[in-house]
Structures are given as C-alpha cells and as structure tokens.
Amino acid sequence: MEQLSVALTGNPNTGKTTTFNMLTGARQHVANYPGVTIDIAEGRIEHNDTALTISDLPGTYSLAASSEDERVARNFLIEVPTDVVIDVVDATNLERNLYLALQLIEFGKPLVLSLNLSDAASRQGLEIDTTALSEALGVPCIPTVASKRQGRSALLDSAIEEVRRHRQMVGHHKHPSERNRVPYGEEIEAQIRSVQDHLIHSDLIGKDHPARWYALKLLEDDRQIIERYHLDEALAVAAKARAALEAHHGSDAASVIRARRLAVIAEICRRCVRTVGAQAVDHTERLDRVLTHPVLGMISFLAMMFVIFQAVFLLGAYPMEWLEEGFEALGGWVGSLWTDDGGLLRSLVVDGMITGVGEVLVFTPNILLLFLAIALLEASGYMSRAAFLMDRYMHRVGLHGKSFIPMLVGFGCTVPAIMATRILENRRDRLTTIMVLPLMSCGARIPIYALLIPCFFPPAWQGTVFFGLYCAGILLAIALAMLLKGTLLRGETPHFLLELPSYRRPALRDVAYFTGQRTWQYIKKAGTIILAAAVIIWALGTFPRLEHDEETMDEAAYQEAALRHSVIGRVGAGLQPIMAPAGFDERLTTAFIGASAAKEVFVTQMGIIFALGEIDPEDDDDDSSARAQLRARLRAEYPPLVGICVLLFALIGTPCVATLAITRRETRSWTWAIGQWVGLTLVAYLVAVLVYQIGSIWW
Amino acid sequence: MASPTLFSLSDLTEGQHGTLDHIAGGAEVCERLSSMGFVPGVAVSMLRRQGSGPVLVMIGSSRIAIGQGMAAKVMVSCEDD
C-alpha cells in the first residue's frame, strides 16, 4: 500500500484541529520529530488503498514566525519531508487566510486548501466560486464543514490526487515552486532571478529545494530563514537586488513584495467571492458587549472561574471517593495473595506501587473536569477574551495577557501548562511564565491540602484556607514574575496581538479529544514517572533494613523505626537542622524528600512515617480510616503554625520531577530547569522560615 | 463632502470606523500585522477600549485585540463629520 505523509496547517481558529479530528477520528497519537523538538499530534488512516499519516501543526498566520508555536509549524513545513500539505482556510475570512496560502503555494509543496466553515460562509451570504479559486491559485480548493464531517472524502481524494499530479510534474518540469507563481511584475522578477541564479550556482541550497522561495526570503530579508539555512553567503547579492528594487519603488523590498502579494489576493477574492443576500445576526457581537466589557466582562470572568473551581471539586469528589476505595480494595486484595507477611515483594507491590500510584490516580476526576472546563473555554472562543481582559493586569506585573492561558492550565497540571507557553512570542515572557507556573496549585497539591487543612483548621475555616493557598500561589507568582522581569529577564513585553474568534458551539469531538489527551498524559505520568519514583522512594525508605524483633516492637513502631533506619530517614535527619527554623522536624523533612519526586508522594510518606500499619479496606467507618487516623496523629503532634508552614512549603517548593524535565525540554537549558527548582525551593524555605519565626512570636 | 483624515488606530473612539491606510512600522510588525489581515484598504472599526489595556478592533471580518503601542502604528483614514 502506498504511504503518504500529510501536514495539516492553517491560521489559528480556522477549525484546523476539528479538521484533524474529522480526518483521523480516534486514531491519533503524539509524535516527536527530531529537530522540531516538540510533540505534534499525528493520526494514521487509510483512504482508497493509501495509508496516510496526518500531522496536526500549530496554527500560524504566516511563514515568518513570531512565536514558538509558529516556528514549530514553519520548521516542520520546511524541514520535515511531507508528501502533501492541507491548508485549512476559514471560508468566512478568505482574503486574510489566503496570505498564508499564497506563501505555501510559493513554497511549492503539493497543497490542497480545505475551505472550512463553508456553511457559516453561506449563512453570511458569501458565495465562493471554488472552481475559479482553484484555477486562480493553481491548487485544489475543497469546501468542508469539519464539525459536521462534510467534505472529508473529497479532501482526502484531492490530497492523494495532488501528490500524483505533483510527481508527474516533477518528472517534466523544474521545481514546482516555479509553477503557480505569484506574478510580481518585471522588475521584481528580474531581482528574484538574479538571487535565485546565485543560490543555484553557489550550491547554497539543495537541488530539491525551492530556489525561488529562498530567493524571495532573501529579498524580503527574512533573518530567521537566512540564519537557519545559512544563506549569509548570498546576503551581498540579495542586498544589491534589494537596493535596486528600493531605488525603483521608493520603499523597502519586503513592502514592495508584500504589496504585490496582497494585490494578487485582493484580485483573486474579487473574482471568486460574491456577497449575496443579507448577513445573519451576529451572536458574537452581542455576547462580546458583555464579555469584553471592562467591568461586566471582569465580573463574568470571575464568576466563571468560581463556577469552574467549585464544579471541579464538588463533582470530582464523588468519583474520587470511588477510586480511593477501589485502590484500597486493590491493595488489600493483592496483599492478601501472600499467605505470610510476604516480606519485601509484598511491601514493594502494595506499599510502594499500588499506594504510590493510587494516591495520584485518585485525583484523575478533578484533573479531567478541569481540563474539560479549559477545553470548553478554548473551543467556545472565550479563552482569548479572558486573555484580552487580563492583559492590562498581567502587563502591570511584567507578564503578557496570553500568559494567563498556561496559568489556568497550571491549576490542572504544570506539565501541559509549560507546554502551553509556546503561544508566547517573546522568549523572556515565556521563561518568566514557565518559572512561576509551578506556583499555580496543580492537581497534585490537592491531596496535601486535603490531608492537612482539616487537621489544623475548624470546618468553617477550611474553605478559606484552601482558597487562600491558591491565592498565595498566584500572589507569589506575580511577585516572582516582577522580580524576574526586573532582573534576569529585563526587557520590553511585546505588544498584545490576539485574534478573538467568533463564539462557536464547542464540537463535542474536539472537547473530548482535548480533555482525553491531557487527562491521559496525567495518567501516563502516574504509570511512568510516579511509578518509578514510588519504587525508588520505597527502596530508599526500606533499605538498609532493620531487623524486626516482634517480641519488643509492634508492627507500627517497627515501621517507624525502619524508616528512620533507611536512607531517606537518615537524609531527613541530616537535613533536619536546616529545616528546623521552619518548624519542620525529622519526619516532615523526610516526607518532603520523598515529595521531591512528585508532590503527592508527601501524603504517602506521611502515612508511612506515622506508622499507621495496615489499612483495612473493609473498614468503611470514616473516623477510623487511615486518613482520619493520620489526621488525628498530626493534630496531636504539631501546632497549626507548623501546618501552615508545611502547606506553604508544599505550595512553593520542590517542583516535581516531571516539571523539571519539561522545563528542561521547553527552555532547552538545564540551567533554567535547575534554577527553577533551586529558586522555588529556596523561596519556599524562606517563606516557611519567615512565617514560622514571626508566627512563633504570637503562638 | 468632508475630506478623510488620517488617525492612529489607537486614537479611534468606540464605534468609530474607517479604512486602513498604511502601517507605520518596521518590517517585522508589518509582516505580522499583514498576515493577520491589517492590509491597506480593509475596513476597520473600534469595538472596545479598556483603559491602558489592548483595544479590540474589527479588521475586515476578524476581531483582533491589539496593544495600544502597536495600534498606534496602524494608520486609519476616517471620514470627518
């Protein structure tokens, strides 16, 4: 069977991901391309005896990239060999969308335009002559309605056909970018030719590369392309050609070329698009009157956030309880497979693996609900409104309005949040946002808060403390962002520029896909990093072993003694003097060492440290459950002040291993990754010490 | 008939509209804005202003939120009245 690779590109908000879901259905996975260093969703399908691999690139307005997302899309299009490109175009906004399409046409890869949202275009009274459009552009244009799965077959047929046509063409002609050329007029063409000839004769680019396209980039003085593809040698020739153009036209070469392109696009639209009938009523305008209003918009925004967080915790509580019971039952059942006490292996499986991973998986429902809410905000078109409203405030603290989006994701999990910073144009903004993201109370903080808050605070106060911790994280993030922007990452924050798409009814499939994928990432983390961490921590907390003399020690006392005897216990004891000013004793210090693998592990560690012995899965009585017993012990052992310090330390310090890894990958620097870990841990320490010392004066 | 006057996009009041004349900015800004639909001749209107924050404008059939500093570089011709 023939194998073809397809790249899916297009402006943001054109329904590109919906198209991807329409084309690939559920057969998707995330692929990692060398050089692109980013995860790109990939789907494999078969169509008419052809196997197609479809890659969903980040949305982009132009091949002149300004954000990391756009760079990824551009580098992929230029560097990854693909057989055909599908450009998803918003049929209601053809003229603007053709700007990218024309750049792609000039690039010369086999291309098909998917005129998505054709139904909306008809409703708005727009009539597009697709035959004339295809002819004018020299590429097939297929009307689609991705949300209703209309045009799927025609689009795929056309893509396959285009590859064949292209192959025949390559056999007979020069590089395909030579065909379908934008007519630039004689003077410009002459300069393109002079640069192009130089490129070909000097062997600066490969034979199969579109010389004309690179020549244009040199004329436009596209620094990113010139640098990335080492075209410096042609700079002198290009400068001469530019000077000639500028002398002739009286403005810079890039503007002259752009003006030509825009004129060609305008002419094509004039010929191919007709406006018939009246426009339908626009819901977006009416909704925006409230939702983008400086006052009403802010109120709506805060109300939405309140509802989302309430829903996440209230609705999430039920499935969470079932999962908790499930894992306890599983642990009990697996544990009962050993007839004797089972020794090391039983301990590894039950105490290490099932408990460790279970503690994390229990929070899957909360994570799922939060990601569902975020997916709905994104798919409905609201997310960019929130970024628009927040920009004034974010700007004041040195951040960008768009930083708000990763921060919201950060309440679910820091890892996808750090990935979401790719929408930021500026590296300094991106770094600042990444550095402070772990301060957003992620899902893994919840088990710690849920264990400790009821220990130390009366029921009436618990909600406030919970909310207070979230706010403390946000305030600290603001303070740290200001500090970073004032020192290490000083510099202008680029202007806010973001399209606010029309409001749309979220496509169920997209929302499900988005939610499912991110939740699955969380579950995968539990199955990989957390499982490994749980085993390592179990080992460090078990070895070197202590002989169990059953005559003198009961089981619980033995466990506690054994932990003290182990590597973790010894390290904890060693570090305790450092942690003492924050009110931490040896046991708390030990628990935090375990928690450096993943926040949630703190809870597991506390359970072991306080030697609660076996958890009876049959025991449904809340008061005697392991968690309640642990709370009782903690309440007896520590004053509330220490509780606050522990909560603050858990909020701020020791970002988890997954965060360390993703920060390293996204910043491409160990310095930033380690700097983040050390910096936040240091801040956590200082805050805890400060609170404890000042608090001690009163208590 | 009143003659059209050039304004900065950032100076438009809510509800005011005109056509985009040119962008008075560097190469990068021009390319970026052009790709988002800020091209000469396109209809422009101011939808929302909010203090010092970005403004929300209609460019052709796209709604774009744009920082005031950048909006200042977009020159719009409006009919005087």
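Mentor: Begin with the term for the interior: a nonpolar core is a set of buried Ala, Val, Leu, Ile, Met, Phe, Trp, Tyr and Cys residues joined through C-beta atoms within 7 Å. Keep in mind that this is a predicted model.

Trainee: Which residues touch the most other members of the largest nonpolar core?

Mentor: They are Leu219(A), Phe649(A) and Val57(B), in a core of 206 residues. Helix H15 of chain A, residues 364–380, gives this core its largest share, eleven residues.

Trainee: With which residues is Leu219(A) in contact, leaving aside its neighbours within four places in sequence?

Mentor: Among them are Gln191(A), Ile192(A) and Val195(A), and also Ala238(A), Ala241(A) and Arg242(A). Ala253(A) and Ile257(A) are on the list too.

Trainee: How many helices and strands does chain A have?

Mentor: Chain A has 30 helices and ten strands. Its radius of gyration is 30 Å, close to the 27 Å that the globule rule gives for 699 residues, so chain A is as compact as a globular protein of that length. Along the principal axes, the C-alpha atoms of chain A fill a box of roughly 100 × 55 × 55 Å.

Trainee: What share of the residues in chain A is buried?

Mentor: Buried residues account for 46% of the 699. As for contacts in chain A between residues at least 6 apart in sequence, 73% join residues at least 24 apart.

Trainee: Which class does Ile78(A) fall into, buried or partly exposed?

Mentor: Ile78(A) lies in helix H2 of chain A, residues 68–79. A residue needs 20 or more other C-beta atoms within 10 Å to be buried. Ile78(A) has 17, so it is partly exposed.

Trainee: Now the strands. What holds a sheet together?

Mentor: Strands of a sheet pair through backbone hydrogen bonds, either parallel or antiparallel. For the parallel case, take strand E1 of chain A, residues 2–10, which is joined to strand E4 of chain A, residues 50–56, by seven bridges. In that pair Ser5(A) stands opposite Thr53(A). E1(A) also runs parallel to strand E5 of chain A, residues 84–90, with five bridges between them. There, Gly10(A) faces Val88(A).

Trainee: Where is the antiparallel case?

Mentor: Seven strands form an open sheet in the order E10(A)-E5(B)-E4(B)-E3(B)-E2(B)-E6(B)-E1(B), with antiparallel pairing. Its edge strands are E10 of chain A and strand E1 (4–8) of chain B, each of which pairs on one side only. From one strand to the next, the twist averages 35°. Within this sheet, E2 (residues 17–23) and E3 (residues 43–48) of chain B pair over three bridges, and Thr19(B) stands opposite Ala43(B).

Trainee: How many bridges join E10(A) to strand E5 of chain B?

Mentor: Three bridges join them, and the two strands run antiparallel. The bridge partner of Leu498(A) in E5(B) is Ala65(B). Helix H16(A) lies across E10 of chain A together with E4 and E5 of chain B, at about 155° to E10(A).

Trainee: How many residues does each chain bring to the contact?

Mentor: Chain A brings 27 residues and chain B brings 26. In chain A, helix H3 (94–107), helix H11 (253–272), helix H16 (382–396) and strand E10 (497–499) each supply at least two residues of the side that touches chain B. By class, that side of chain A has twelve nonpolar, seven polar and eight charged residues.

Terms used: Residues numbered from 1 in each chain as written. Chains lettered and ligands numbered in written order. Predicted model: local features only at pLDDT ≥ 70, side-chain atom pairs only at ≥ 80, totals over all residues. Helix = DSSP H or I, 4+ residues; strand = E, 2+ residues; numbered from the N terminus. Rg over C-alpha atoms; globule rule 2.2 N^0.38 Å. Buried ≥ 20, exposed ≤ 12 C-beta atoms within 10 Å, placed from the backbone. Contact = placed C-beta atoms within 7 Å. Nonpolar A, V, L, I, M, F, W, Y, C, P; charged D, E, K, R; others polar. Pairing = 2+ DSSP bridges. Axes fitted to C-alpha atoms, helices over the stretch in contact; angles between N-to-C directions.
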